[in-house]
Amino acid sequence: MPLAERVPALRALLAQTGIDGFLIPRADEHQGDSLAPHAERLPWLTGFSGSAGIAVVLTERAALFVDGRYTEQARNQTDVSVFEQCHLINQPPSVWLQEAAKPGQRIAFDPWLHSLDMIEKLAEALADSGVTLVPVEPNPVDMVWGAAQPPVPLGPVRLHPDARAGRSSADKRAALATDLQKQKVAATVMTTPESIAWLLNIRGADVPNKPVAQSFALARADGTLDWFIDARKLLPGVTAHLGNSVRVRDPLEFVEALRGFSGQRVLLNAAACAWGIAETLTKTGATVVRGTDPVAIPRACKTEAELQGARDAHLRDGAAVIRFLAWVSREALSGNLTEIAAADQLEAFRRETGVLRGLSFNSISAAGPNAALPHYRPTPEAQRVLTPGEIYLIDSGGQYEDGTTDITRTLALGTPTPAMRRHFTLVLKGHIAIATLRFPTGTTGGHIDAMARQFLWADGLDYDHGTGHGVGSFLSVHEGPQSISKAGTAAALMPGMILSNEPGYYKPGAYGIRCENLVIVRTLDLPGAEREIMGFETLTFAPWDRSLIDLDILTPAERAWIDAYHAEVRAKMLPQLDGAAAAWLEAATAAL
């Protein structure tokens, strides 16, 4: 079905069922950010391919809601005569619907694709408008999509060795059971595939770039666990590895299992659990206990085995990135290198390691004005050639069995302008401020976010994304609850957490800049300290583009940090390189 016919077809279907509108989020049943092809309903209906957003289709109007990262991309990819373009934060669906929907209208939603929190907040916002939210199954978009909709994935599930994890699954499940007993709940509903993969020490292949298996689990206070997954996915040895305390069950039995908790207390994360799950528990007479994912913090605080794996993975990955940077320095000025060709070459260098399991996300390979779009993805129909005089930004990462990587480097193609150099250096100063920060126990990412922005703010500049996100261990490249952002989080930074440090600056229509390394939160032994103090250990080792550094606005301490970092890059990486790449690294890491 052509794109232009999809919204009219959806409206016709809704009219047949007495529905006046429908919510289409970019989400699946697990509220994740990596979707299997069959769950990509938002791009199928609208054409918008960004990683976050929601559309609302009414009988006469429709709107697409995206955040500041995707404003320009949304306008370019969607028919603006069909979809009004709205800012997800400044004009969310709750505000737009109060104006666009009429009293008495019924707006439908798929009960599996929206969190309990989201639906409750939307219902509260619409309470005085006369508009009613109604759950509907099956999903109307799926019905319009029909036979062309891809099948549900059956990616193989394999064991993740205890030696890599640093803890056995049995040990993790015993600790979880103790936690549930302390919270006086019968069980917790696990809806996040990353948490299930971590808890069971397994990895899957159901979604792009993230080694997880789409499934649900009910972890009980008695130490047993029901795992609702298609048994066809399980490779030999998985069931035996889990033991008798884990029961593998058909996913079609999940809802009925929820109905078995009548009269019992069940823990769920309202921000990540589908509304339909909570509604089923409530209707069956269970008491829903709202809380956080009980394995989120243990998963985020990596074991020493996982941290050593992360270090090893980053050394391996860093060598591939340096080979790529040396290659780009030779090829970019030819005027023939495209964004996709560059990204493909970087992936090829990673594959030459022989142990790459996949990319951790689709590479952001952005030249010139495309780099001003923080989450730009090149397509064969709309990509640029790397051109002298412009900036090139490459944000990429790999999945290895011992760790997950994520790195951004910004390169000048030829001689940068003074403005490019100033903006890059302001961003790098913010990166250094985070990298060198010392902070006490209890500090959150929200407390320190301004440290990265202070130099941009002083010039009247800023960026519309967080400064850092959590990163998993051969899991999701975006992991919570840890983060560094204006929005803040209740989760304190704790030893063993891995985060990105990635301030940026984006000049619309011209260029974009981002400086990203991954870091580990570590406890520091500071002489004379009167309380526990933490800081960051850098994981990522690849040089910054020296031609973009404006020495005049660096302090002596910042210059010393850059020189020390480049010396460490050189010491760690030269033994893995030879020939042109080694020579390039020697020059790229020379003292300022």
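Residues are numbered from 1 along each chain as its sequence is written. In this predicted model, local features need pLDDT of at least 70, side-chain atom pairs count only at pLDDT 80 or more, totals for chains, interfaces and linings use all residues, and side-chain values use heavy atoms, with hydrogens and water left out.

An unreviewed UniProt entry places the feature "domain: Creatinase N-terminal" at residues 6–138 (the annotation may be inferred rather than shown by experiment). Over residues 6–138 the chain is 32% helix and 20% strand, with 17 Å between the end C-alpha atoms. Helices (H or I, at least four residues) and strands (E, at least two) are DSSP runs, numbered from the N terminus.

The table lists strand pairs (DSSP finds at least two bridges between paired strands).

| Pair | Sense | Bridges |
|---|---|---|
| S1 (residues 21–25) and S5 (residues 106–109) | parallel | 2 bridges |
| S5 and S6 (residues 132–135) | parallel | 4 bridges |

Gly21 stands opposite Ile107 in S5, and Arg106 has Thr132 in S6 as its bridge partner.

Helix H16 (residues 418–435) packs against helix H17 (residues 445–458) at an angle of about 155°, and their axes are 7 Å apart. Axes are lines fitted to C-alpha atoms, for helices over the stretch in contact, and angles run from 0 to 180 degrees between N-to-C directions. H16 and H17 are therefore roughly antiparallel to each other (angles over 145 degrees). Residues of H16 including Leu426, Val427 and Ile434 meet residues of H17, among them Ile448, Met451 and Phe455 (contact means heavy atoms within 4.5 Å).

Technical notes:
Parallel < 35°, antiparallel > 145°, perpendicular 65-115°, else oblique.
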